[in-house]
Amino acid sequence: MLWPFNHFLQPRTPSRGTIEAIYGMIVAQAREPLFYQDLGVPDTVDGRFDMMVLHLWMVLRQLRQFGDGSRLAQALFDHFCSDMDHNLRELGTGDLAVPRRMRQFGEAFYGRSSAYDLALAAGEGPLAQALCRNIFNGQDSDKAWRLAAYVGQVLAALAATDEATLSGACWEFPSPAVAVRG
């Protein structure tokens, strides 16, 4: 007679509203005009995707530091994938091509995340090189250094945020204006 109460034993899944709020914050920050106008991130579909991936990586990285954060991190990543799928279909990508494009998105996300994790462990210089390679197509290392400084600010701000605040979408990304001034 335990079956009606099984939901008490299962871990609590993050609410859809929380996931959408955090994802909305990531999207809004990734679209910040300063990245494209002043930092030279290419204002293209690829450039915007790269900024989405960068901000998503930073948030997921911090969420995984918390006990229940990995569940929220997975739900947030799933929402990102669902959004990418929806955007592809909205842009007119055919049903047969969507799985291939989604696989490419997944490979791009995991490749960049792995590169950023390894680079971050090695220091700011390797992180700037990884950003230069992935976002600036290997050109303009000065802007990559400024973007790396911004990433450092965001990671420090996220690290200083407690689990309830982060999980409740009650925080803000630092302004990229400091990185722009370099």
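The model is predicted, with local features requiring pLDDT of at least 70 and side-chain atom pairs counting only at pLDDT 80 or more, while totals for chains, interfaces and linings use all residues. Residues are numbered from 1 along each chain as its sequence is written, and side-chain values use heavy atoms, leaving out hydrogens and water.

Let's begin with the helices, which are DSSP runs of H or I with at least four residues, numbered from the N terminus. Helix α5 (residues 98-122) and α6 have axes that come within 7 Å and cross at roughly 155 degrees; axes here are lines fitted to C-alpha atoms over the stretch in contact, with angles running from 0 to 180 degrees between N-to-C directions. That crossing makes α5 roughly antiparallel to α6, a term for angles over 145 degrees.

Next, look at Q62 in helix α3 (residues 45-63). Q62 is buried, at 9% relative accessible area, where buried means under 20% and exposed over 50%, using a 1.4 Å probe and protein chains only. Leaving aside residues up to four places away in sequence, Q62 touches L158, A159 and L166.

Finally, visit two loops. N137, between α6 (124-134) and α7 (141-159), has a positive phi of about 55 degrees although it is not a glycine, and is exposed at 60% relative accessibility. A169 sits in the loop between α8 (163-167) and α9 (177-181). The phi of A169 is also positive, near 60 degrees, but A169 counts as buried at 19% relative accessibility.

Notes
Contact means heavy atoms within 4.5 Å. Angles under 35 degrees count as roughly parallel, over 145 as roughly antiparallel, 65 to 115 as roughly perpendicular and the rest as oblique.
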